[in-house]
Amino acid sequence: MMLISFNRNVLFPLSIMILSACGGDSTAPEADHNESNAAGHAGSDTGSDDVDDPVSEKDPITVVTGDVERSDLGFATLTAMSVTLPEAKLNAKEQYQVAHYIGRTDSEQNEENIDIPIRSYTATCATDTRTPRMFVSVSLSEGTRSQDATYGSVYELQYNPATENFEQTGNATVLNQCYESHGITASQDCSRIAVLCNTGYQANATDEVDADLIEQYGTDWMKTEDNESKIESRIQNDIGLMVATNHNPLIHFFTEHFDLTIQDFLAGLQANFPENNFDSTTTFNTIKGSEMAEEMAYIISQLTSTDHADLLDHIRNNSYKYNDQIWLLEWDGNQSLSDKPAAYVVNKMHGGTHLGTQELIYVDDDSQGRSSYAFSVTARVFDGYGSSHYSAGLTVIDRDNWKIDDSARGWYWTCGNGHVLNIRSFYNPDRETYGALCTSDWNDWIGSSHGQLGTIAIKMDVASSSTEGVVNHFVPATSAMVSNGGGHTVVPVDFDTNLSVIVSPKYIDDADMERFLINEVGVDMSTSSPFDAQCAEYDTVNCFISYMSHEYWERNGLYPTVERQGLYSANTLDTSSLTRIGIAKVDGERGRMNDSAFHWVVQDDDCQISDPQLIDLQNGRYLLGYARFQCLSDGLSFDRIYSDRGAMRMLVPKDFHVMEIDSDFNVLAGPIKLPNHGWGGLDEPMFLGKGKVAWTYIKNPTIESYGGGQQNEWEVMVYHSNSVAN
């Protein structure tokens, strides 16, 4: 049964569980089932005379007028129309090994099987007028194969009040210098447009740029585009250590050699290293690890000159790595997009596994007279053995002087502990600070008896590259960069408060949390008082993290966590893998959530819930969207990765839903299922002015009627809240 909860003691059956709060001070945890569930009831102000209940199960009424499809959601209207991508090209597929919140794009095993669109980005401007504009960044492909050439692109749409949707202006460009285009932004008056362009290794050596900001202002780590010098130094000084420690794939030179065998070296190993007891069981694969560096160096020293040269080629072919560059391309608003933009090198740490989004934000003339860009992106550095290490950075660019000052604002490394799977930047205009929400696959603080825990953390622009962000929550993860859940976005409320939106499974059973609160914290469960302040005094932050900390450090088994099925696959999906949408109030200064916890605003006891969206309608209301994925009742196998197409169920939703809430998580209207429209799981719709929100995505985005992950005609959608008069 699925539920809606208005009070911790009163439950009503409905089609989806929407956990509603009535004011931040009325919160009380109900185990991990609702770590900060609420007393009171949901608001009933729907903004429409046609909707009396905060939850509507009615199907939208849809009519088509000309080129515009209009759906009446009861509390809002959704308009949709087709748009043709630049030069009528197909959009590119998503890159290999991109982590979505409950799936990953290596899930289909064969890279050719990836069948979801690459992340796209939108920027709106002139939102205080009747005819706002929207600019879209989407990567294009020459064909349907993974090896087909891809390009960036940008195109413009103009809002038409008569149709309540957009018209294509014809202002568009294909960015041949970019193999992908990502984050896009615009000044409020549309006088400045900028996009992030992913381009190749040392691309500025062949294509002209206006400035290389990394070479001028970056640290040594930020300037490191390859590892050639490190590998050559290791070859000259520690080749034995290098091969012994980076065993796979370097040892393959020996194990796959056409005539070399361990017998060729065994007598010498026995004579030079008698303490190791080398015998008939010794193989090349046992000469492994730093403790075998001298032994491996001896083997290498015995090679013929031809074999030695071949080994060096093998090491270089398997160890050399190269980062790509990211450029910021900028147009004056009076220019055509087909005009040559100004180009600035802003990142040289992008490479290897493609993770997360690349958001770009522009702030024009803050209270200190500063104009700035900021973008977030995963980052890669190299060790001396041919391996890579991944984290993420937030780069802030002084637009007035085209300067990066990492010591003042921004950082290039260490958003969360471990590999960063997803990162999204945000800006609080009241506090005038940037920050980023990131998901990592590890943490050094709290472990779990049921698998590894990654972190969801917030890190602000004033932090350093050596410090981690503030932990908000955890995700089940593996060090192979696989997770179930993650942080999606941060939405500012005011100077002191931001809203953090995440996807996560349940960790703590209700009865266990209640016993913990009564026996350890000493709370009176008969009251509706908030307990997170008491939990913070007892241990740390809030009741959820206090419980997790106690369970890990005490290790007495009194307060267990939910036993979890494996992250990769199983014969069936079970309840421990079900995810839900949580929102928390975090402080604007550092992203802390002391004395507060996540409100699980959407959860379903049958289906995976993911791909959230939260957009400020700027009238005290927020548009909340979510998608429903594989369900227990489907009776299908559970495949997060390494499946022959079965894992598409973790990447393509069954359906999409929208609702309106306030900043205290009261349900004001909805939810309602959209009529075969949706959004990309890593995309983010944009505010369009006067209760309107706009975005673009492929047609037929749900799994039963899936139109495919590559299309040259997309849809542009505009949500019109009835709470704001047009």
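1. Let me start with G522, which is in contact with L517 and Q534 once its neighbours within four places in sequence are set aside. Please keep in mind that this is a predicted model. G522 and Q534 are 12 residues apart along the chain, and 8.5 Å separates their C-alpha atoms.

2. As for its setting, G522 sits in the loop that runs between α9 (510-521) and α10 (532-538). Just after α9, this glycine adopts a positive phi of about 80°. G522 counts as exposed because its relative accessibility is 51%, and the cut-off for that class is over 50%.

3. α9 has 12 residues and spans 15 Å from its first C-alpha to its last, close to the 16 Å expected at 1.5 Å a residue.

4. Which residues of α9 are buried? They are D512, M513, F516, L517 and V521. These residues cover an arc of only 135° around the axis, so they lie on the same side of α9. A511 and N519, on the other side of α9, are exposed.

5. Elsewhere, the largest pocket holds about 1200 Å³ of space. It is lined by 37 residues, and I361, Y427, Q618, M686 and F687 are the closest to its centre.

6. Several strands each supply at least two residues of that lining, including β9 (121-125), β19 (360-363), β24 (420-428) and β39 (686-689). By type, the lining of the largest pocket divides into 20 nonpolar, 11 polar and six charged residues.

Key:
Residues numbered from 1 in each chain as written. Predicted model: local features only at pLDDT ≥ 70, side-chain atom pairs only at ≥ 80, totals over all residues. Heavy atoms only, no water. Helix = DSSP H or I, 4+ residues; strand = E, 2+ residues; numbered from the N terminus. Buried < 20%, exposed > 50% of the residue type's maximum accessible area, 1.4 Å probe, protein only. Contact = heavy atoms within 4.5 Å. 1 Å grid on protein atoms, 1.4 Å probe; cavity = no way out; pocket = protein on both sides within 12 Å on 5 of 7 lines; lining within 4 Å. Points joined across faces, edges and corners; volume = space filled by probe spheres on them. Nonpolar A, V, L, I, M, F, W, Y, C, P; charged D, E, K, R; others polar. Expected span 1.5 Å × (residues − 1). Arc of directions from axis to C-beta.
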